[in-house]
Every structure is written in structure tokens, then in C-alpha cells.
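Try each task yourself before reading the solution.

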Amino acid sequence: MKDPLRSLPGYALRRASAAMMEDLGQRLNVLDLRTTDVSVLILIDANPGVTQSGLCRALGIQRANMTPLIARLDKRNLLERTAVDGRSHGLALTKAGQLLLSQARKTIAAHEDTLLSRIPEEHRAHLVPALQALWND
């Protein structure tokens, strides 16, 4: 069957993203993590004391979606909270959170190696800047 959709950049990007996210999701499932969980853990690790609102802004996630995500990580004792003001709490990783993130980073590195191995070597250096150009302001 002819597939004229394959020549559309947006369609190709969506299909590539779906395939790569499925692979990453399967790999992270071994650690009982979702891709959004790991994104949050990485940002908290890089920004100890960040609030849920700060995470929402960084990831483009609605607060209503962030609350159960943080609760899930908190229930696993991966996070610790510190009062910032009367309403907000800063987040940091516990030792268990740091250990799990270390394992997740290894999983992500293996996934990224697989992803990059599928890109011709001469295009690898341009891949991330080209993708960033599509969503960075």
C-alpha cells in the first residue's frame, strides 16, 4: 500500500516519538517507573528544593496531573518535602530516590544508545538541536 503520510515531517516525528517512547517505557517498567516519573526525578535531582509548581512549568504538566504523580513517588519514599512557605513544599530526593534514579539513568543511557545507533552517524550531532528547534522558544 502507498503511504503518503511517511513523507510528512510531523507524521514521521510522531511515529518516531511513539516508537522510542514505547521502547523507553518498556525498559523503565522493569524499575516500576514511567517516563514522567523519571523526568520528575531528574529535575528534582538537578534542582533540590523545587516546588511542584516549578516542575509543572518545566515539564508543561497541569498541576492536577502533577499532584498524583508526586503522591506516587512520595508513597515509594523517593521524595522528601521541606516547607517553603505556608502552602508550598520544596522537593528533594531521598537516598532511595537517588539510588533508583541512578538505575534509571543507566536504563536511559542504554535506550539513548539504541536510539542513536539507528541514526546515521553523520546526522547524530544535529539530531537534538533540530528537535529542540521545534519546541524551544
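**Exercise 1. Find the volume of the largest pocket, then work out what lines it.**

Step 1. This is a predicted model, where local features need pLDDT of at least 70, side-chain atom pairs count only at pLDDT 80 or more, and totals for chains, interfaces and linings use all residues. Residues are numbered from 1 along each chain as its sequence is written, and side-chain values use heavy atoms, with hydrogens and water left out.

Step 2. The largest pocket comes out at about 1500 Å³. A pocket here is an open set of points on a 1 Å grid over the protein atoms alone, where a 1.4 Å probe fits, with protein on both sides within 12 Å along at least five of seven lines; lining residues have an atom within 4 Å of a point. Grid points are joined across faces, edges and corners, and the volume is the space filled by probe spheres set on the points.

Step 3. Of the 32 lining residues, Ser17, Met20, Met21, Leu115 and Leu131 are the closest to the centre. Elements that give two or more residues to the lining are H1, H2, H3, H5 and H6, with the largest share, nine residues, coming from H1. These labels are DSSP runs numbered from the N terminus: helices are H or I with at least four residues, strands E with at least two.

Step 4. Sort the lining by type and you get 23 nonpolar, six polar and three charged residues. In this count Ala, Val, Leu, Ile, Met, Phe, Trp, Tyr, Cys and Pro are nonpolar, Asp, Glu, Lys and Arg are charged, and the others, Gly among them, are polar.

**Exercise 2. Describe the order of the elements in the protein chain and how S1 and S2 pair.**

Step 1. Count six helices and two strands, then read them off from the N terminus as α-α-α-α-β-β-α-α.

Step 2. Strand S1 (residues 79-83) pairs with S2 in the antiparallel sense over five bridges; a pair needs at least two bridges found by DSSP. The two are joined by a hairpin of five residues, and Arg81 sits opposite Leu91 in S2.

Step 3. Is S2 buried or exposed? Four of its five residues are buried, so S2 is largely enclosed by the rest of the structure. Buried means under 20% relative accessible area, exposed over 50%, and partly exposed in between (1.4 Å probe, protein chains only).

**Exercise 3. Identify the residues of the largest nonpolar core that touch the most other members.**

Step 1. A nonpolar core is a set of buried Ala, Val, Leu, Ile, Met, Phe, Trp, Tyr and Cys residues joined through side-chain atoms within 4.5 Å. The largest one has 24 residues, and Leu33, Val40, Ile44 and Leu55 touch the most other members.

Step 2. Two or more residues each come from helix H1 (9-29), helix H2 (35-46), helix H3 (52-59), helix H4 (63-75), strand S2 (89-93) and helix H5 (95-117).

Step 3. Zoom in on Leu55: not counting residues up to four places away in sequence, Leu55 touches Val40, Leu43, Ile44, Val50, Met66, Ile70 and Leu91. Contact means heavy atoms within 4.5 Å.

**Exercise 4. Work out which residues of H3 are buried and what they pack against.**

Step 1. The buried residues in H3 are Gln52, Gly54, Leu55 and Cys56, and the buried residues of this helix pack against H2, H4, S1 and S2.

Step 2. Take Gln52, buried at a relative accessible area of 12%. Beyond its neighbours within four places in sequence, Gln52 contacts Arg63, Met66, Thr67, Ile70, Arg81, His89 and Leu91.

Step 3. Ser53, also placed in H3, is partly exposed at 31% relative accessibility.

**Exercise 5. Find where Asp32 and Asn77 lie, and check their phi values.**

Step 1. Most residues other than glycine have a negative phi.

Step 2. Asp32 goes the positive way, with phi near 55°. Asp32 lies in the loop between H1 and H2 and is exposed at 52% relative accessibility.

Step 3. Asn77 has a positive phi too, near 60°. Asn77 lies in the loop between H4 and S1 and is exposed, at 54% relative accessibility.
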